[in-house]
Amino acid sequence: MNQSIAREITRRRTFAIISHPDAGKTTLTEKLLLYGRAIQSAGSVKGKQGDKHAVSDWMELEKQRGISITSSVMQFEYEGYCINILDTPGHQDFSEDTYRTLMAADSAVMVIDAAKGIEPQTRKLFKVCAMRGIPIFTFINKLDREARDIFDLLDEIEKEFGIGTFPMNWPISCGVSFRGIFDRETREVLTYETRHGGRNRLESIRCPLSETERLDGLITPALRETLEYETELLDGAGYVFDRDQILKGRLSPVYFGSALNNFGVEQFLESFLSLTTPPLPRKNAFGGTVEPTDERFSAFVFKIQANMNKVHRDRISFFRIASGRFERGKEYFHLQSGKRLRLAQPQQMMAEERDVIDEAFAGDIIGVFDPGVFSIGDTVSEPGMEVRFTGIPTFAPEHFAVIEQIDSMKRKQFAKGMTEIAEEGAIQIFFYPDSGMERVIVGVIGMLQFDVLKFRMESEYGVSFLRQDLPHELIRRVDTPDFNGNEADLARDTRWVKDVKGRDLLIFNGMWSVNWALENNPGLVLREFSEDIERDD
Ligand code: G4P
């Protein structure tokens with residue numbers, strides 16, 4: 001292939017950054033962007049109230065809650081690498097959006113608060129990464145505060161996720177006595193000075209572990225002895241460094257630092273970039289894999305976001321480019337509609353703005369204006385290329401509610417809003433077989449999705465609704481031809497519903513009712529929503 005295209009692709013690094021709220025994801029992202037000179041000052045990533053710039057506050061609700069609900073994408077250059085960071089929502093609750101974002105990444109960086117360890121949000125995301133073999137890099141943050149025992153923290157990661165950890169560096173104490181980190185590769189100590197040596201940067205000194213006396217002066221003899229003991233322990237009893245295991249997602253390199261004080265961030269970035277992978281091949285449902293360096297362009301939609309800009313009322317589909325080079329204005333083939341089309345106003349998200357772009361390469365994420373053509377999981381490629389990407393997961397909703405329109409004059413807006421938001425993948429919608437669009441059953445994974453739905457229906461479509469929560473927790477697809485729920489012998493809590501395509505599903509309060517349905521209806525086939533269910537196009 002064209003050498004310059006291949007070079008562009010191999011210098012790309014696309015990763016998702018994940019954490020539990022408050023662990024320091026925004027702060028770390030900001031520091032990374034500062035290194036890449038993608039932003040001018042700290043405080044640009046997260047919009048505090050009253051801030052004029054806020055990269056991820058596309059939605060009013062985010063600002064009100066001070067959390068990031070929609071994932072954003074940021075691109076920057078650093079030492080010859082072209083880096084794409086996929087931000088993931090970091091609230092307590094989470095949605096399918098977060099998981100889908102992981103599908104567009106080649107690796108994940110997990111930020112952990114050293115005082116808290118693994119928290120529920122990180123636990124779920126980490127599991128998805130581990131399940132899919134996505135390499136996970138761990139940044140243990142806030143060492144300038146009191147931390148938990150580091151060996152315990154590592155143990156927790158290993159036990160919870162069944163993967164190994166390899167500390168790339170090691171903290172020298174924590175909190176007020178935090179003195180720096182020890183780099184296990186160079187065997188040097190990098191000291192942490194609370195004295196600032198310039199904006200956003202701390203002054204630090206490098207000193208080899210072997211220079212005992214000098215080190216004693218820098219970190220005290222007691223801390224040096226502890227460090228020697230702990231590193232011996234690590235070298236002797238810890239996991240062995242193995243890049244292959246890292247890339248298979250079985251061993252997580254661990255870094256320590258303080259994002260707020262910009263300590264350990266540069267070391268992390270450089271090590272991460274040298275270890276993580278360039279864009280990876282993707283599975284082709286028609287057989288084989290698509291290599292990123294295949295010069296024919298191909299991409300898939302992993303996220304759709306409507307009304308990002310209220311003034312323009314736009315809907316943007318986000319594509320992860322899987323192979324080749326994208327060119328603006330060129331005609332591509334949209335597999336699901338069977339049509340050729342041009343992608344309108346392709347954009348790349350920069351830290352502080354969106355830029356219309358002329359070209360992009362495998363590994364990049366582009367957002368294109370979408371008049372309602374695309375769905376999540378859709379494939380677009382060079383005409384004639386036999387490719388379809390799969391594995392964009394459909395997750396089973398865990399909470400259900402009946403949503404009913406209040407104002408019958410606004411029937412059209414209600415239907416439009418519910419359908420569009422469902423098409424984005426922000427909610428899933430179902431119907432009772434005998435009722436129409438005025439009464440919809442909404443399924444979500446996190447309860448926060450209901451709040452987002454209410455807010456968006458009101459602000460974007462001008463429609464209010466009534467919500468009645470349902471006790472159901474489980475959903476199954478019915479795989480029996482000519483199923484009629486009214487004739488089936490079902491437990492009292494079980495409800496027969498249909499999806500937008502008219503397919504039959506059952507929702508249940510618990511496993512007991514699922515078993516009842518199976519036992520009392522010979523021939524009934526129920527399918528679980530599994531992660532790898534392919535979209536039925
Ligand atoms: P998130 O995106 O993961 O939710 O976390 P975020 O970066 O917003 O950080 C959450 C809080 O933790 C912020 O404080 C931030 O300043 C602080 N923080 C981040 N990294 C460090 C660190 O290395 N050390 C210490 N001590 N604190 C850190 P806040 O008070 O909520 O906000 P702010 O007013 O300081 O911005």
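These are my notebook entries on a predicted model.

**Ground rules**

I number residues from 1 along each chain as its sequence is written.

**Overall counts**

I began with the secondary structure. The protein has 13 helices and 31 strands. Both are DSSP runs numbered from the N terminus: helices are H or I with at least four residues, strands are E with at least two.

Next I looked up burial. Of the 537 residues, 55% are buried. I call a residue buried under 20% relative accessible area, exposed over 50%, and partly exposed in between, using a 1.4 Å probe and protein chains only. The accessible surface comes to about 23100 Å². Carbon and sulfur atoms account for 47% of that surface. These areas come from the Shrake-Rupley method with a 1.4 Å probe, and for residues only the protein chains shown count as cover.

I then checked contacts, meaning heavy atoms within 4.5 Å. Among those between residues at least 6 apart in sequence, 68% join residues at least 24 apart.

I turned to E3, residues 81-87. Six of its seven residues are buried, so the strand is largely enclosed by the rest of the structure. I count two strands as paired if DSSP finds at least two bridges between them.

E1 (residues 12-19) pairs with E3 in the parallel sense, over six bridges. Here Arg12 stands opposite Cys82. E2 (residues 73-78) pairs with E3 in the antiparallel sense, also over six bridges. In that pairing Gln75 has Asn84 as its bridge partner. The E2-E3 hairpin has two residues between the strands, and Glu79 takes a positive phi near 45 degrees.

**Cysteines**

How many disulfides does the structure hold? I found zero. The test is a pair of cysteine sulfur atoms within 2.5 Å. I also looked up two cysteines for burial. Cys82 is buried at a relative accessible area of 2%. Cys207 is buried too, at 0%.

**Strand E17**

E17 covers residues 331-334, and its side chains alternate. Tyr332 and His334 point to one face and are buried.

I followed E17 to its partners. It runs antiparallel to E18 (residues 339-342), joined by four bridges. Phe333 stands opposite Arg340 there. Their hairpin has four residues between the strands, and Gly338 has a positive phi near 70 degrees. E17 also runs antiparallel to E23 (residues 379-381), joined by two bridges. His334 has Val380 as its bridge partner in E23.

**Helix H7**

Which residues of H7 (residues 212-219) are buried? I noted Leu215, Asp216 and Ile219.

The buried residues of H7 pack against E7 (169-172), E9 (188-191), E10 (206-208) and helix H8 (221-237). Thr220 follows H7 and has a positive phi, near 80 degrees.

**Asn169**

I looked next at Asn169, which sits in E7. It is buried, at a relative accessible area of 4%. A polar atom of its side chain lies 2.9 Å from the backbone nitrogen of Phe256. I take a polar contact as a pair of N or O atoms within 3.5 Å; within protein, one must be able to donate a hydrogen and the other to accept it, and residues adjacent in sequence count only if both atoms are side-chain atoms. Leaving out residues up to four places away in sequence, Asn169 touches Ile181, Phe182, Asp183, Arg184, Val254, Tyr255 and Phe256.

**Gln405**

My last entry is Gln405, in strand E24 (residues 399-405). Is Gln405 buried or exposed? It is buried, with a relative accessible area of 12%. Its side chain reaches the backbone oxygen of Asp407 at 3.2 Å. Beyond neighbours within four places in sequence, Gln405 is in contact with Lys410, Arg411, Phe414, Glu438, Ser464 and Phe465.

Definitions and conventions
Heavy atoms only, no water.
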